[in-house]
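Subject: Handing over the structure

Hi there,

Here is the structure I promised to pass on to you.

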Amino acid sequence: MKPSEVISFAKENGAKMVDLKFSDLPGMWQHLSIPVSQLTEEAFENGFGFDGSSVRGWRNINESDMIIMPDPTAAQMDPFMEVPTLSIICDIVLPDTLEAYNRDPRQIAKRALNYLKSTGIADTAYFGPEAEFFIFDDIRYDQTSYGGFYQVDSEEATWNSGREEGGSNLGYKPRHKEGYFPALPSDKLQDIRTEICLELEKIGIPVERHHHEVATAGQGEINFRFDTILNSADNVMWFKYIVKNVANRHGKTATFMPKPIFGENGSGMNTHMSLWKDGEPLFAGDKYAGLSETALHFIGGILKHAPSLCAFTNPSTNSYKRLVPGFEAPVKLAYSYKNRSAALRIPNSGPNPKAKRIEFRTPDPSANPYLAFAALLMAGIDGIQNKINPGDPLDKDIYGLSPEEAALVPSVPASLEEAIHNITKDHEFLIKGDVFSEDMVSAWTVYKKEKEIIPLQQRPVPYEFYLYYDL
């Protein structure tokens, strides 16, 4: 929509307030609200001022003035606010020049697409993320200098099969790793997931399917249609917002934390990708698995830079509780046709060249989608530009490799600290075309070290008492 059309859309829907949303550095929506009378066509040109020093990973207090700039193409009626409210996803710019702020994740995704176009390789990058999640009935956690704990619970959790529940415990609880995907009454979240789908459809995000996922205790997956890099990242932000708020509407709580339950499958965000030019797909060809040479080089770029990419695609310390060799998430940096044990899979998408794509299965939904998608695109572009050979495919059950065979296949990092170390050494491919900046990469690494890695290293965890208290 154009600015004038957004204003008309707000009036037609009875909006009384406008909510301006933007992503902070870690990937959580922030917002401020204005009366609808303040939304003028000039506002789309000049934006609204705010304090950027209070946003995680952003400006210092001595340079805190920033501008939030509404994007007229990203306006929707908010599904959850009691007062009719128009929600607009915004970009962040500097007040003196209105230039894009180099740490604004959404602007980085835009620059990645512009860089792709400037190379002449392609003009469109499609992304199709599959962000899994858990819906719990209860979550409790605390951390002090003298103690710490967490506890999650769900009515359908198998650990509650022996609990007195006033006659409601009738034995239909998915066993460990058997949540994929029994019908009602074992699947107790069918209607909530359906409600999430309907809310997504209302704001124009086409849903393909939904189902219970492998884990007990409320793991779910909802697939929505792929889109361009920016739209897809916006859709992930809307998706998380809707999942959390629909769960909250029912007195439940949703999380995209990659590994909230020990011994169960974690939540991934398998990400499908393809490049197009002049309306034609570039990944279909006559090479391995029906791929083109361009697609193979794109794969080569992702595999080469994967140890660094994980700093953005798997950006939490909890991410590496899921990325453990021998368990459900693929950690071996190999590519393979139809093979879900490889980090990079080529789906069996049939003979239609428009469906040809690749799937990177390592990412998880704690990622900021703007940064993760931009980094993946830049790695793929680097692979194409430098004709990076991905090597031979690995058409085996990689989980079943002997220790000797497995040792020959590179792996993703074992910790966030290792991933951050890798990105400090290997990020030249990201700063091409000024897509990422040295300042942004530095800010990301400092934030992750100071706010997540070191604080976690300093704190004892309950399992350490189990292991070491009586030594």
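Below is what turned up in it, one region at a time. Please keep in mind that this is a predicted model.

Five strands make it up, in the order 2-1-5-4-3, and their pairing is mixed. Strand 2 (29-35) and strand 3 (48-51) are the edge strands, each pairing on one side only. On average, neighbouring strands of this sheet are turned by 40° against each other, direction ignored. Further in, strand 1 (residues 17-23) is joined to strand 5 (residues 85-93) by five bridges in the parallel sense, and V18 sits opposite L86 of strand 5. Helix 3 (residues 105-119) packs on the sheet, where it touches strand 1, strand 4 (65-77) and strand 5. The direction of helix 3 makes about 70° with that of strand 5.

Next, have a look at strand 7 (residues 133-136). Which strands does strand 7 pair with? One partner is strand 11 (residues 219-224), which runs antiparallel to strand 7 and is joined to it by two bridges. Here F134 has Q219 as its bridge partner.

Helix 5 (residues 229-249) and helix 8 (residues 369-385) have axes that come within 9 Å and cross at roughly 150°. Angles over 145 degrees count as roughly antiparallel, so that is how helix 5 and helix 8 are described. Their crossing is right-handed. On the helix 5 side, the residues that meet helix 8 include I229, L230 and M237; on the helix 8 side, they include P369, Y370 and L377.

N318 lies in the loop between helix 6 (293-313) and helix 7 (319-322). Is N318 buried or exposed? With a relative accessibility of 13%, N318 counts as buried, because the cut-off for buried is under 20%. Leaving aside neighbours within four places in sequence, N318 is in contact with M257, P258 and K259.

Last, the cysteines. A search of the whole structure finds zero disulfides. C90 is buried at 1% relative accessible area, and C197 is also counted as buried, at 9%.

Enjoy exploring it!

Best wishes

Conventions: Residues are numbered from 1 along each chain as its sequence is written. This is a predicted model: local features need pLDDT of at least 70, side-chain atom pairs count only at pLDDT 80 or more; totals for chains, interfaces and linings use all residues. Side-chain values use heavy atoms; hydrogens and water are left out. A disulfide is a pair of cysteine sulfur atoms within 2.5 Å. Buried means under 20% relative accessible area, exposed over 50%, partly exposed in between (1.4 Å probe, protein chains only). Two strands pair if DSSP finds at least two bridges between them. Helices (H or I, at least four residues) and strands (E, at least two) are DSSP runs, numbered from the N terminus. Axes are lines fitted to C-alpha atoms, for helices over the stretch in contact, and angles run from 0 to 180 degrees between N-to-C directions. Angles under 35 degrees count as roughly parallel, over 145 as roughly antiparallel, 65 to 115 as roughly perpendicular and the rest as oblique. A crossing is left-handed if the near helix is turned anticlockwise from the far one by less than a right angle, and right-handed if clockwise. Contact means heavy atoms within 4.5 Å.
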